[in-house]
Amino acid sequence: MCRSIKTLRPPVMPEAGEEDIHAAALQYVRKVSGFRAPAAHNREAFDRAVAAVAAATQELLEDLVVRGAHPAPSERSA
């Protein structure tokens, strides 16, 4: 689909930062919308979509359990 989106999960990328996640979300929204940069009347919807995709990506990365990597929050001992 979008070849410029990098794999952000461990062990491929041990720690994806906010910038990495935002860049991936931006690429995804660009691909889906067909706009590299939206017109002014679409900017708010575009920015909301990027923020929503970035938040979902952050949540996914936090919850993923990758064998041999750090345990998911629900599996960590308190």
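**Close-ups of a two-helix model**

**View 1. How helix 1 and helix 2 pack.** Helix 1 and helix 2 pack at about 130°, their axes 8 Å apart (axes are lines fitted to C-alpha atoms over the stretch in contact, with angles from 0 to 180 degrees between N-to-C directions). That makes helix 1 oblique to helix 2, as in neither under 35 degrees (roughly parallel), over 145 (roughly antiparallel) nor 65 to 115 (roughly perpendicular). This is a predicted model, where local features need pLDDT of at least 70 and side-chain atom pairs pLDDT 80 or more, while totals for chains, interfaces and linings use all residues. Numbering starts from 1 along each chain as its sequence is written, and side-chain values use heavy atoms, leaving out hydrogens and water.

**View 2. Who meets whom between the helices.** From helix 1, Ile21, His22, Ala25, Leu26, Tyr28, Val29, Arg30 and Ser33 meet Phe46, Ala49, Val50, Val53, Ala54, Thr57, Gln58 and Leu61 of helix 2 (contact: heavy atoms within 4.5 Å). Sorted by class, that's 11 nonpolar, four polar and one charged residues; Ala, Val, Leu, Ile, Met, Phe, Trp, Tyr, Cys and Pro count as nonpolar, Asp, Glu, Lys and Arg as charged, the others as polar.

**View 3. Phe35 in the loop.** Phe35 sits between helix 1 (18-33) and helix 2 (43-63); helices here are DSSP runs of H or I, at least four residues. Leaving aside residues up to four places away in sequence, Phe35 touches Arg30, Asn42 and Phe46. Phe35 and Phe46 lie 9.2 Å apart, C-alpha to C-alpha, and 11 residues apart in sequence. With a relative accessible area of 41%, Phe35 is partly exposed (between buried, under 20%, and exposed, over 50%, with a 1.4 Å probe and protein chains only).
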